[in-house]
Amino acid sequence: MSAGGGTKAIIAALLANAGIAIAKFVGFLITGSSSMLAESVHSVADTSNQGLLLLGQKTARRAANTAHPFGYGRDRYFYSFIVALMLFTLGSAFALYEGIHKIQHPEALTSPVVAVVILVVAIILETFSFRTAIVESRLIKGDATWWQFIRQSRTPELPVVLLEDAGALFGLVFALIGVGLATITGDPVWDAVGTLMIGVLLGVIAIILIIEMKSLLIGEGATPRELDTIIDEIAAGRIERVIHVKTQYMGPDELLVAAKVALTPGLSVEEVAQAIDDAEHRIRAKVPAARLIYLEPDLYRSAKAAT
């Protein structure tokens, strides 16, 4: 579900941003608006970002080999991290540069009505993309808040697309305000102010994404709810106690579980093997992402020894 939903949201965002980018560039060439230019570069960056997310999904499906025995699932985290960097450099940095430049050297707008029409159409298209991302995210969000979903999701594409689309919508509104005020007041500095607002907005979103994607890239464990479920399912049947457990997501849909467990005394080798097999089945039934499970029988000595 997460992979399919993510792909649908990415494609919707890619198509919307590609069309919007072309329209914005035409608007910039006609009006000379710095807000339009900043938004054009923003949309080009977003379109490229969606391409990178799709590439990450494709390369992550490569089969495991001796060099990468756990597969390539983290490719999705890597490309999502690159997307965050591109949003910061191409989107935020360029908008800030262009806004400062236009404040220092203001230029009057020509045919501002064209810019307003293009921005309104872009808002409509971006709303469609944003709505698609919201619908697909709800399939895996559960009862978490949107902020919790962004912070805790192990599927990187949907949080990226959500924040990108939200940033794009607010950026379009800022551009519309800047162009509108520049037209009403006759002062082109307002257009530059709108551009600076876009730059700051994209910078904040990019920093959030960089922090979250870096955390996923270096390795995050199971969520608290998943970890509680895993421990409960291990400590059942003939397993008396979980001595020690560690988890890590090797990719959005592949969780590694490694644990030392204390079993009922006196079991034969066959019974130990069966108890471990049963525990693995219980875990996978409740946490499907737990595909890699390694349970090691051990003796429980004390809380201190368990660490």
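1. In this predicted model, the C-alpha centres of domain 1 and domain 2 are separated by 41 Å. The domain assignment of the protein chain places residues 2–218 in domain 1 and residues 224–297 in domain 2.

2. The two domains touch through eleven residues of domain 1 and eleven residues of domain 2. On the side of domain 1 that touches domain 2, helices α1 (2–31) and α3 (75–104) each contribute at least two residues.

3. The size of an interface is often expressed as the accessible area lost when the parts come together. Between domain 1 and domain 2 this buried area amounts to about 920 Å², and carbon and sulfur atoms account for 51% of that area. For the part that domain 1 buries against domain 2, Phe70, Arg74 and Arg154 supply 58%, more than any other three residues.

4. Aspartate 143 forms a salt bridge with arginine 225, and their closest N and O atoms are 3.8 Å apart. With the cut-off for a salt bridge set at 4 Å, the pair of aspartate 143 and arginine 225, at 3.8 Å, is counted. The count of residue pairs in polar contact between domain 1 and domain 2 is four, where both residues have pLDDT 80 or more.

5. Turning to the sheet, three strands form an open arrangement in the order β1-β2-β3, with mixed pairing. Strands β1 (239–251) and β3 (292–297) are the edge strands, each of which pairs on one side only. From one strand to the next, the twist averages 15°.

6. How many bridges join strand β2 to β3? There are six, and strand β2 (residues 254–263) runs parallel to β3. Within this part of the sheet, alanine 259 is placed opposite leucine 295 of β3.

7. Two helices may be considered together with the sheet. Helix α8 (residues 224–234) lies across β1, β2 and β3, and its direction makes an angle of about 140° with β1. Helix α9 (residues 269–286) also lies across β1, β2 and β3, running at about 145° to β3.

Key. Residues numbered from 1 in each chain as written. Predicted model: local features only at pLDDT ≥ 70, side-chain atom pairs only at ≥ 80, totals over all residues. Heavy atoms only, no water. Pairing = 2+ DSSP bridges. Helix = DSSP H or I, 4+ residues; strand = E, 2+ residues; numbered from the N terminus. Axes fitted to C-alpha atoms, helices over the stretch in contact; angles between N-to-C directions. Contact = heavy atoms within 4.5 Å. Domains from an automatic or database assignment. Buried area = accessible area lost by both parts, 1.4 Å probe. Salt bridge = Lys/Arg side-chain N within 4 Å of Asp/Glu carboxyl O. Polar contact = N/O pair within 3.5 Å; in protein donor to acceptor, adjacent residues only side chain to side chain.
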